[in-house]
Amino acid sequence: MRKHLAVLLAAALFLSLAAVPASAAEGEKVLRLASESDILTMDVALTTDDYFIPHNVFDRLFEIKVQPDGSTDIVPSLVEDYSVSEDGLTYTFRLVEGVTFSNGNPLTAEDVKYTFERLLTVPGGCNYDIAQEVDGADALLNGETDDLAGITVNGDYELSVTLAAPNAGYIAELTSPAMSVVDKETCQSVAAFGMECADTIGSGPYVVSEWVPNDHFTLERNENYWGQVPDADRVIMSVVPDPNTQNLMFQSGELDIIDLDALDSSIIDSVYKTTYADSIVPGYRVGVTFMSMNENNEYLSDVNVRRAIQMSIDRQGLLDNFYGGDGIIENGMIATGVWGHNDDLTPIVYDPEGAKALLAEAGYEPGEISFEFSLDSSGGAATQMVYQQIAQDLAEVGIDAQIRSYDESAWLDFRRTEEMPAFVGTWTMDYNDPANILATFFSNSTSGRSLNYADQAVKDRVDAASAIIDDDERMAEYQAIEEAIVVEDAAVVPLYERAHLFCIGENVASFVPHWAGFSNFFVRDVEMK
Amino acid sequence: MSTLKSILRRVLSSIPVLIGVVLVIYLILRILPGNAILTMMGEHAREEVVAQLSAELGLDKPWYVQFWVYISGLFTGDMGTSIKYHKPVSELLAVYFPVTVKLSCLAALVAWVIGILCGAVSAMRKDKLADRLGMGFSLLGISVPVFMTAMVLQYLFAYKLKWFPLQGTKDGLASYVLPAIALGWSSAGSVARLTRSTLLEVMGADFIDTARSKGRSVSGAVAFHALRNALIPVVTVMAIQISSLLSGAVITETIFSLPGIGRLCIDAISGRDIPLLQGSVVFATVLVIAGNLVADCLYSVLDPRIGKES
């Protein structure tokens, strides 16, 4: 009896191990991708990271289109046409008629209004910044009303959005994945929108057909899609946490596109830039990696110290040594590719001797300046080496930057206290407007960044700039603000904008990376063979 | 009957161990800096939203209240809700745990079968080539880190020879072969060395000479007489190895992209997801306790005197 039981148990174990899922149908175009981590939710209201589903399953009012020369344009998506009032406060949108969600429900102005309201009211919501600019948003946020007064629905396909204050960059903001339009009926009828595939209803080119946590998720073509039909019939995104495994998968033909971001630069140089040189598709993470310096710190409050730090760091050396030279040195915060980028900004020159002289002139003894240089250990090996090199560069001019490592949770917690002395951070643009970065770090509403930028006049200018209706005038003001922040106040050390390289396999004919270099790209921009 | 009583006694005595483990994990996570909600919501989290979510999840209550709520929930089968995944912990464990159990079972199979065989052959061929090869094999298993073994196996047998899949679980049994070998080899080494030394000791005993004088061959004497006696300390080591297999699973699961409890634990630690981590730890502790219980039962099978004594 015991023997029989053992045999039965063993058979059950092996049968459960041998379960094999269905393979691809004949002639089906399947795009196989890999991601280092799983998504936590498919609801964009609850995440500021997991944008693959929002990008490919939902649509927005406007999109950013990458031109063949690499430049970007904002183009209407769900919007047929629109107008802006003379005071720059009210936007009237006429929606494309005939758009349906994947469940067949028509996409109407009510859904758009509900999308804004939901961003402000959904429990645990963290993607509400853009919706919060609408007149009456604060009352809705505070629970004083259940209606967003600033949005008026003028019919099934027309609505007006009135902002609390003019913002000439608002159309650009509406391209953000946060503004993905959801189906009101579905959201109101399901318990947890974005947690089950069947409930994740959008109007985009794909639907989510399967999500096996920490293993993979699958997208299938949306048969009700209103736009141009994407080339890939099916998309399988496998969760492969080890970059080396992804590398082997690509080389053995199990992946059609590999994101080279997580791979060691030595592998990129020795394998991809040689064997697969013709298959590399370059893009940029449009944004900037920078060293942040807390102006509440005893030493970093002195502009001479901050300027000396700017002069001490060999930025080209960092890019060459740790990222294979794949990137662009940035002198400002409005990085290359961002609307309003200034090529003529006063450059930061690597001059350690000049930095030493500046510190001596300011009355500092070598070794006197000391601060903690806080590292988020989840940033990977290259980031750790960047920290070490910066600390070494600073040590050569007599500044003691003491690296202290935290795990991500502790690091975020510390930075939020506004007491983190210095760190290296990267900001990738959510939408293509300088306000995205300048307002985040240098406005009166900036908080939790441990920067404590002290120039009140500049912060007021940042707040006022968004109301300038004339685009040329607005960009000129942003450039002047950038000069004040980086050159006059030496508030940060802009380091570089990193390239974001992908490599395509034999099944892919062409691929256009996301305009800002997100790993969560648009699959509709992939053409299969 | 006495064996049954002994098992029951062990099960009851494991309850305070379980509570102790949960308390220690809980306190460690409380001491560590970091906030689950902030980590989950990232840079855009508003103070009011963080406060509201903290209240909803009971994170604003004193630690002892939270601990009591958790412990009393455990007895009713409620392991809490994952802060990060917004799902009941029991639901998540039901998805992830079978993968780790399959991996650990296969790794244990590799470790114990290969380890005992290797140890027995080495003992029988003491100081001969087979002994040297066996001990070399076991030394390699003990010395080489699991991640290195995993990467080499993956490169050779999955990438180069294409005998096994590179990663994932979609190929069923084949998906688990390389991870199980990578994970089990190190334990196989320890088992082999221990089996060899205890077997050599037992083989010098009088009852082996008696068996040989009755006409048993060397291998027969080892298989039917010596091995049974030599295995008692080996079984102890095998029971202890269950916990090391579980911890080693974290690395193999990452390299071979297996969605198991190891990766879930790492996620839970980095995200300060206390309910999820506690749930995983409780499960792992139960498994280790169960492993020790099985070992106890095996003792009495291998040597009936042990059961009678207890």
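Predicted model: local features only at pLDDT ≥ 70, side-chain atom pairs only at ≥ 80, totals over all residues.
## Overall build of chain A

Chain A contains 16 helices and 20 strands. Its radius of gyration is 25 Å, close to the 24 Å that the globule rule gives for 529 residues, so chain A is as compact as a globular protein of that length. Taken along the principal axes, the box filled by its C-alpha atoms is roughly 80 × 70 × 50 Å.

Of the 529 residues in chain A, 48% are buried. When contacts between residues at least 6 apart in sequence are considered, 69% of those in chain A join residues at least 24 apart.

## The mixed sheet of chain A

One open sheet in chain A is built from four strands in the order β1-β10-β9-β8, with mixed pairing. Its edge strands are β1 (30-35) and β8 (206-212), each of which pairs on one side only. From one strand to the next, the twist averages 20°.

Within this sheet, β9 (residues 216-221) and β10 (residues 234-239) of chain A run antiparallel and are joined by five bridges. A:Leu219 has A:Val235 of β10(A) as its bridge partner. Strands of a sheet pair through backbone hydrogen bonds, in either the parallel or the antiparallel sense.

Strands β5 (residues 90-95) and β7 (residues 158-162) of chain A run antiparallel and are joined by five bridges. In this pairing, A:Phe93 stands opposite A:Leu159 of β7(A).

## The buried strand β13 of chain A

Strand β13 (residues 287-293) of chain A has seven of its seven residues buried, so it is largely enclosed by the rest of the structure. A:Gly287, A:Thr289, A:Met291 and A:Met293 point one way from the strand, while A:Val288, A:Phe290 and A:Ser292 point the other way. The residues pointing each way are all buried.

β13(A) has antiparallel pairings with β17 and with β18. With strand β17 (residues 422-428) of chain A, the pairing extends over seven bridges, and A:Gly287 stands opposite A:Thr428. With strand β18 (residues 492-504) of chain A, it extends over four bridges, and A:Ser292 stands opposite A:Val492.

## Overall build of chain B

Chain B has 13 helices and zero strands. Read along its sequence, the pattern is accordingly α-α-α-α-α-α-α-α-α-α-α-α-α. Its C-alpha atoms fill a box of roughly 85 × 55 × 30 Å along the principal axes.

Buried residues account for 43% of the 310 residues in chain B. Of the chain B contacts between residues at least 6 apart in sequence, 74% join residues at least 24 apart.

## The kinked helix α10 of chain B

Helix α10 of chain B covers residues 218-255, a total of 38 residues. Its end C-alpha atoms are only 43 Å apart, short of the 56 Å that a straight helix would reach at 1.5 Å a residue. The helix has a kink of about 50°, centred on B:Ala226. After α10(B) comes B:Ser257, with a positive phi near 50°.

## B:Ser82 in its loop

B:Ser82 lies in the loop between α4 (63-75) and α5 (89-124) of chain B. This residue is buried because 26 other C-beta atoms lie within 10 Å, and the cut-off for a buried residue is 20 or more.

Leaving aside neighbours within four places in sequence, B:Ser82 is in contact with B:Lys87, B:Val89 and B:Leu92, and also with B:Asp273, B:Pro275 and B:Leu276. B:Leu92 is ten residues from B:Ser82 along the chain, and their C-alpha atoms are separated by 8.4 Å.

Terms used: Residues numbered from 1 in each chain as written. Chains lettered and ligands numbered in written order. Helix = DSSP H or I, 4+ residues; strand = E, 2+ residues; numbered from the N terminus. Buried ≥ 20, exposed ≤ 12 C-beta atoms within 10 Å, placed from the backbone. Contact = placed C-beta atoms within 7 Å. Rg over C-alpha atoms; globule rule 2.2 N^0.38 Å. Expected span 1.5 Å × (residues − 1). Bend = angle between axes of the 7 residues up to and from the residue. Pairing = 2+ DSSP bridges. Axes fitted to C-alpha atoms, helices over the stretch in contact; angles between N-to-C directions.
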